[in-house]
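Here is a brief report for a reader meeting this structure for the first time. Look at the model below, then read on.

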Amino acid sequence: MVSAVRQADYWAQQRSPAVWTESVAAESSNVAKSFVAQIPATFKFPAMQRNDGRGPDEIRSVDFELNVAPHASGSVLVSIGQTRVICGVTIEEVVPRWMKEQGVTGGWLTAEYSMLPYSTQTRKPRDAAKGRLDGRSVEIQRLIGRSLRAVIDLEKLGPRTIWVDCDVLQADGGTRTTAITGASLALAIACRKLVREKKLDAPPMQKLLAAVSAGILDGQAVLDLNYEEDKLVSVDFNLVATEDGEFVEVQGSGEEATFSGSQLDEMLGLARKGIAALIGAQRAVLARIMVSPPEV
């Protein structure tokens, strides 16, 4: 039973312009710990001095700031290292026209992704100025949408559309994985708001998910690439997975190179460890603001 004092603290926080921040060093859940346990014990990651001082199996610092967009149903400014992305969720009480025409029941979730002009070292022109989305933006926003639809019950959502907008403020590698990780937390908060407003009996989000990158740098598998490393790796790998270890998407490609099965296993093991840490941080934030995370 939550005390009245803690409830008052929570609602005061919701009204306050202040935001919560949480480090990845926060205590992770038992689910996250079991995810780490799935990494084969035979993997040994030797000491390696990366350009930012991390070991090969370490992710960058992680922070979540909530309520950065007051008009959104859920919003998070997620920072992973120097990469910063605003993830905002809005909910409309309508469904896309194609669902009505095809007689599809339930609701829908879609995502949009953009990099702000000042997010990179040299100015990036807005897509609107070019009159079309570039191929990379289209690929990433489809990935974000696919990832989040994998963890939400669209029938339970009802005739509504969830819009997830991810805007990159600062890019230093891993913008797509950072966007997915932040959007997962923003979506969990927005779904809880539907319940709080008595529009639904239970949150339609079934579980949390996160995403992280890995790669082969100088012949060694490394986790969570920053921009300088991303330019140098011979293999680029991204993993999206849920908190109970189910894969949503696996992306891997050689950069004018090939990679072995053992290297793939190493990158997969590193990515599992990174996702466990990220989901642990998400759950710590949800516990802090007294929003019950979705049950597995």
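Start with C87. The model is predicted, and in it the closest cysteine sulfur to that of C87 belongs to C166, 4.0 Å away, which is too far for a bond. A disulfide needs the two sulfur atoms within 2.5 Å. The structure holds zero disulfides.

C87 is buried, because its relative accessibility is 0%. Another cysteine, C191, has a relative accessible area of 1%, so C191 is buried too.

Strand 3 and strand 5 (residues 161-170) run antiparallel and pair over nine bridges.

Strand 3 also pairs with strand 2 (residues 74-80). These two are antiparallel as well, with seven bridges between them. Strand 2 and strand 3 make a hairpin, with two residues between them. In that turn, G81 has a positive phi of about 60°.

## Helix 7

Helix 7 covers residues 175-196, which is 22 residues. From first C-alpha to last, helix 7 reaches 31 Å. That is close to the 32 Å expected at 1.5 Å a residue.

Is helix 7 largely enclosed or largely open? Of its 22 residues, 19 are buried, so helix 7 is largely enclosed by the rest of the structure. Just after helix 7 comes K198, which takes a positive phi of about 60°.

## Salt bridges

How many salt bridges does the structure hold? The count is 17. One of them joins the side chains of E229 and R50, at 2.7 Å from N to O. E229 lies in helix 8 (residues 227-232), while R50 lies in the loop between helix 2 (30-37) and strand 1 (62-66), so this pair ties together parts 179 residues apart in sequence. E229 and R50 are buried.

E229 has a salt bridge to R54 too, with an N to O distance of 3.5 Å. R54 is in the loop between helix 2 and strand 1, so its pairing with E229 in helix 8 links parts 175 residues apart in sequence. R54 is buried, as is E229.

E93 and K199 form another salt bridge, with the closest N and O atoms 3.9 Å apart. E93 lies in the loop between strand 3 (83-92) and helix 3 (97-102), and K199 in the loop between helix 7 and strand 6 (209-217), so the pair ties together parts that are 106 residues apart in sequence. E93 has 46% relative accessibility, so E93 counts as partly exposed. K199 is partly exposed because its relative accessible area is 39%. Elsewhere, shared partners join several salt bridges into one network, made up of R50, D52, R54, R60, D224 and E229.

## The largest pocket

The largest pocket holds about 530 Å³ of space. How many residues line the largest pocket? There are 24. R136, G173, G174, Y227 and D230 lie nearest its centre.

Several elements each give at least two residues to the lining of the largest pocket. They are helix 5 (135-149), helix 7, helix 8, strand 8 (235-242) and strand 9 (247-254).

## Cavities

The structure has two cavities of 30 Å³ or more. The second largest cavity has a volume of about 50 Å³. Its lining includes I59, R60, I80, G174, T177 and T178. A211, V212, S213, D224 and L278 are also among the residues that line the second largest cavity.

Which element supplies the largest share of that lining? Strand 6 does, with three residues. Helix 7 and strand 6 each supply at least two residues of the lining of the second largest cavity.

## Where the parts meet

Helix 7 supplies at least two residues to the lining of the largest pocket and at least two to that of the second largest cavity.

Terms used
Residues are numbered from 1 along each chain as its sequence is written. This is a predicted model: local features need pLDDT of at least 70, side-chain atom pairs count only at pLDDT 80 or more; totals for chains, interfaces and linings use all residues. Side-chain values use heavy atoms; hydrogens and water are left out. Helices (H or I, at least four residues) and strands (E, at least two) are DSSP runs, numbered from the N terminus. The expected span of a helix is 1.5 Å times one less than its number of residues. Buried means under 20% relative accessible area, exposed over 50%, partly exposed in between (1.4 Å probe, protein chains only). A salt bridge is a side-chain nitrogen of Lys or Arg within 4 Å of a carboxyl oxygen of Asp or Glu. Two strands pair if DSSP finds at least two bridges between them. On a 1 Å grid over the protein atoms alone, a cavity is a set of points where a 1.4 Å probe fits but cannot get out, and a pocket is an open set with protein on both sides within 12 Å along at least five of seven lines; lining residues have an atom within 4 Å of a point. Grid points are joined across faces, edges and corners, and a volume is the space filled by probe spheres set on the points.
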